[in-house]
Amino acid sequence: MAIKGFIKEKDAETREAPCGEDALALIDGGYRPDLVFLDLTMPGIGGVETLRELRERDPDLKVIVVTADVQGATLSRLEGLGPFEVIRKPATKHAVLAAYERAER
Amino acid sequence: MNVGFGLAAVSLSEVIDLRVTLTVPKISVLEAKTIPDFLEGEIDRAPAYSMIEQFFFGRFSGTSFLLVPKEEGKKLAALFGDESSYRDSELDFGSFEREVVVEIGNIVIGACVGKLAEMLKDRVTFQPPRYLGSDVDAVKLRQHLAENEGVALVFKTKFSFSNADAYGLLFLIAANDSIEWTKKAVDEYIEGLA
């Protein structure tokens, strides 16, 4: 929700999904985002599984993971799924916009 | 245990660019049904707290509670949310303050539980944090914890942000079915230090 506010100034169209299942339903319904900000801690299937499913649907989709999970084992699991970047929480406006701009290039 | 919490404090300080102090955790083993009495005796004399609960799952599993004295919420909102963040959020200030407290809970719990899990050679996953209210007092705490069974392993630490004189309390309660594993893992960790 805070990230959506930060991105507003980039004039980007944004959609939100409260859980991984809803995000995948958006994609399966034909929505084609250029960039996804993905929280790892979500209800339902969770962020890691959501990322895995997103990769299966679109191997080139840029996904920026935002997480408070500090465990090395979690970060290792993510590496295998190719996130564009990982932002540690708190996701400051500066960090979010800098990652957005890198993804835009 | 204080190594894990010390690592958590360092991890937090790196990310939020503030000096975070976590006290050496006090660990208690007690019957789960006595947790409300125990917590009542451990919390400070603030009249009410904002409370966040977050479950974690692994071989080390259980629930964590973050308690922030009600008047500290505004200080934390100022620390973590600058004016533009508040404006961008499109929330009224009370809701923004709540979002900040939940986020702090997520970050502090993630750091402490995550580092502890790593120390015990485990990996945990988290449910999203739940906000349980901003007026949690001893009575409400007791009501919320009334259903616990079995034995509980309770960790208590106090965290503070030195730049802002804001603080909160963190409790971890290991789930009944992970107590034996946790005790064994702690013993193995201590043996490994020798």
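In this predicted model, chain A holds an open sheet of 3 strands. The strand order is S1-S2-S3, and the pairing is parallel. Strand S1 (35-39) and strand S3 (85-88) of chain A form the edges, each pairing on one side only. Neighbouring strands of the sheet are turned against each other by 20° on average, direction ignored. In general, strands of a sheet pair through backbone hydrogen bonds, either parallel or antiparallel.

The pairing of strand S2 (residues 62-67) of chain A with S3(A) runs over 4 bridges, in the parallel sense. One residue pair illustrates the link to S3(A): A:Val65 has A:Val86 as its bridge partner. A helix accompanies the sheet. Helix H3 (residues 46-57) of chain A lies across S1 and S2 of chain A. The angle between H3 and S1(A) is about 155°.

Chain A has 5 helices and 3 strands in its secondary structure. Read from the N terminus, its elements follow the order α-α-β-α-β-α-β-α. The radius of gyration of chain A is 13 Å, close to the 13 Å that the globule rule gives for 105 residues, so chain A is as compact as a globular protein of that length. Its C-alpha atoms fill a box of roughly 35 × 30 × 25 Å along the principal axes. Of the 105 residues of chain A, 32% count as buried. Among contacts in chain A with a separation of 6 or more, 53% join residues 24 or more positions apart.

Chain B contains 7 helices and 8 strands. This chain has 194 residues, and 40% of them count as buried. Residues 24 or more positions apart make 72% of the chain B contacts with a separation of 6 or more.

The nonpolar cores come next. In soluble globular proteins, nonpolar side chains tend to be buried together. The largest nonpolar core here has 49 residues. Within it, the most contacts belong to B:Leu66, B:Val108, B:Val113, B:Leu170 and B:Phe171. Several elements of chain B each supply at least two residues of this core, including strand S4 (62-69), helix H5 (93-119) and strand S8 (166-174). Helix H2 (35-42), helix H3 (72-80) and strand S3 (49-57) of chain B are also among them. The largest share, 11 residues, comes from H5(B).

Methods: Residues numbered from 1 in each chain as written. Chains lettered and ligands numbered in written order. Predicted model: local features only at pLDDT ≥ 70, side-chain atom pairs only at ≥ 80, totals over all residues. Core = buried A, V, L, I, M, F, W, Y, C linked by C-beta atoms within 7 Å. Buried ≥ 20, exposed ≤ 12 C-beta atoms within 10 Å, placed from the backbone. Contact = placed C-beta atoms within 7 Å. Pairing = 2+ DSSP bridges. Axes fitted to C-alpha atoms, helices over the stretch in contact; angles between N-to-C directions. Rg over C-alpha atoms; globule rule 2.2 N^0.38 Å.
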